[in-house]
Amino acid sequence: MAPNTPLLYAVIGNPIEHSRSPLIHRAFARQLGIDLTYEKIWAPIDGFEETVTAFIKRGGRGMNVTVPFKLQAFDLADRHSERAQRALAANTLVFPESADEPIYAENTDGVGLVNDLAFHDVDVAGGRVLILGAGGATRGVLAPLLHEAPQELVIANRNPDRAHGLVEEFSDAAGDCLLSGCPLAEIEESRFDLIINATPASLSAQLPPLPDGLIGAGTAAYDMAYGAEPTVFMEWAEARGARALDGLGMLVEQAAESFAIWHGKRPDTAPVREQLRQAIREAAAERAAED
Ligand code: NDP
């Protein structure tokens with residue numbers, strides 16, 4: 001590559017149009033004076049590897065990976081971080097400068113969530129935590145959450161077998177934490193300090209069947225989904241006196257972690273959170289004006 005060509009990065013997914021990763025990484029790069037190009041790349045469902053290979057040939061140095069390719073990204077890599085190994089999924093790939101060096105895979109979703117909770121002064125240590133959902137996002141955040149040493153962590157899922165499977169798989173990371181799984185419709189009614197909605201239900205304005213007794217004034221309710229307005233899950237939580245947070249900060253924090261891996265410099269996430277929130281509001285206002 002020519003000496004002054006900007007470093008080339010991308011986010012890959014299917015669909016990909018909605019992705020905010022370019023906005024976030026370009027903002028980080030401006031902040032730290034790094035010259036980079038960050039693209040959105042759509043890959044066919046059966047064409048992930050070919051698309052990545054073509055990107056590397058163009059000089060690509062790294063990629064963020066989103067739905068539905070995180071498992072394939074893990075499989076494609078030759079070396080994995082401990083976090084990626086735990087999740088069996090990767091959202092960050094680091095490409096070598098020469099073709100005979102290994103591709104490295106990392107998973108920054110969990111550290112993104114933990115850093116966002118810390119940003120909002122939500123303390124996981126010693127608390128009772130409930131996670132709704134047992135999909136890829138839950139798998140990615142479990143080990144970093146358990147590392148924060150909650151007193152108890154319950155995984156509740158529509159298909160309880162998936163919840164029980166995760167409990168079995170992560171039991172060695174639980175330490176003194178009481179780790180258990182249950183069906184989503186049968187959560188034992190007792191107060192939690194933190195409830196994390198790791199289902200995409202909010203994206204279709206659906207609320208999982210949750211008893212009121214789970215939540216109170218001391219509860220933080222965290223929806224991994226985000227949008228221009230509070231989600232139905234956040235509204236449900238706020239109406240019961242809880243503090244509600246959305247997943248926008250997790251998105252920015254996981255991106256900051258990827259950025260630090262690629263560039264060796266950690267950006268300040270606070271101004272980028274604001275910028276992203278504003279961009280999402282403006283996009284929603286534009287859509288509303290068109291309707
Ligand atoms: P998956 O498809 O891997 O898993 C979805 C999980 O949610 C499954 O356990 C599924 O249950 C459950 N589920 C799906 N729909 C419903 C519903 N209507 N009611 C109740 N449960 C439901 O998705 P991911 O784990 O990858 O992602 C989950 C959410 O987290 C998405 O909204 C995603 O956008 C968000 N996310 C946000 C991030 C951020 O940075 N803010 C990062 C990563 C994810 P079952 O097993 O029974 O099918």
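Trainee: Is the crossing of H5 and H9 left-handed or right-handed?

Mentor: Right-handed. Keep in mind that this is a predicted model.

Trainee: At what angle do the axes of H5 and H9 cross?

Mentor: Roughly 120 degrees. The axes come within 7 Å. H5 covers residues 109-119 and H9 covers 248-263. Angles of 65 to 115 degrees count as roughly perpendicular and those over 145 as roughly antiparallel. H5 and H9 are therefore oblique to each other.

Trainee: Which residues in H5 and H9 meet?

Mentor: From H5, Asp109, Val111, Gly112, Leu113, Asn115 and Asp116. On the H9 side they meet Gly249, Met250, Glu253, Gln254 and Glu257. The residues of this contact of H5 with H9 divide into three nonpolar, four polar and four charged.

Trainee: Now H9 and H10. What is their packing angle?

Mentor: About 130 degrees, with the axes of H9 and H10 10 Å apart. H10 is residues 270-290. That angle makes H9 oblique to H10. The crossing is right-handed.

Trainee: Which residues make that contact?

Mentor: H9 uses Leu248, Gly249, Leu251, Val252 and Glu253. H10 brings Val272, Arg273, Leu276, Arg277 and Ile280.

Trainee: What follows H5?

Mentor: Asp121, with a positive phi near 55 degrees.

Trainee: Switching to the largest nonpolar core. Which residues touch the most other members?

Mentor: Leu113, Leu145, Leu153, Ile155, Leu194, Ile196 and Tyr222, out of 30 residues in that core. Elements that each supply at least two residues include H5, strand S7 (128-132), strand S8 (152-157) and helix H7 (160-170).

Trainee: And which helix gives the most to this core?

Mentor: H6, with five residues.

Trainee: What does Leu194 touch?

Mentor: Leaving out residues up to four places away in sequence, Leu194 touches Leu117, Val122, Val124, Arg128, Val129, Leu130, Thr219, Ala220 and Tyr222.

Trainee: How many residues are in the second core?

Mentor: It has 21 residues and is separate. Ala10, Ala43, Ala77 and Ala90 are included.

Notes. Residues are numbered from 1 along each chain as its sequence is written. This is a predicted model: local features need pLDDT of at least 70, side-chain atom pairs count only at pLDDT 80 or more; totals for chains, interfaces and linings use all residues. Side-chain values use heavy atoms; hydrogens and water are left out. Axes are lines fitted to C-alpha atoms, for helices over the stretch in contact, and angles run from 0 to 180 degrees between N-to-C directions. Helices (H or I, at least four residues) and strands (E, at least two) are DSSP runs, numbered from the N terminus. Angles under 35 degrees count as roughly parallel, over 145 as roughly antiparallel, 65 to 115 as roughly perpendicular and the rest as oblique. A crossing is left-handed if the near helix is turned anticlockwise from the far one by less than a right angle, and right-handed if clockwise. Contact means heavy atoms within 4.5 Å. Ala, Val, Leu, Ile, Met, Phe, Trp, Tyr, Cys and Pro count as nonpolar, Asp, Glu, Lys and Arg as charged, and the others, Gly among them, as polar. A nonpolar core is a set of buried Ala, Val, Leu, Ile, Met, Phe, Trp, Tyr and Cys residues joined through side-chain atoms within 4.5 Å. Buried means under 20% relative accessible area, exposed over 50%, partly exposed in between (1.4 Å probe, protein chains only).
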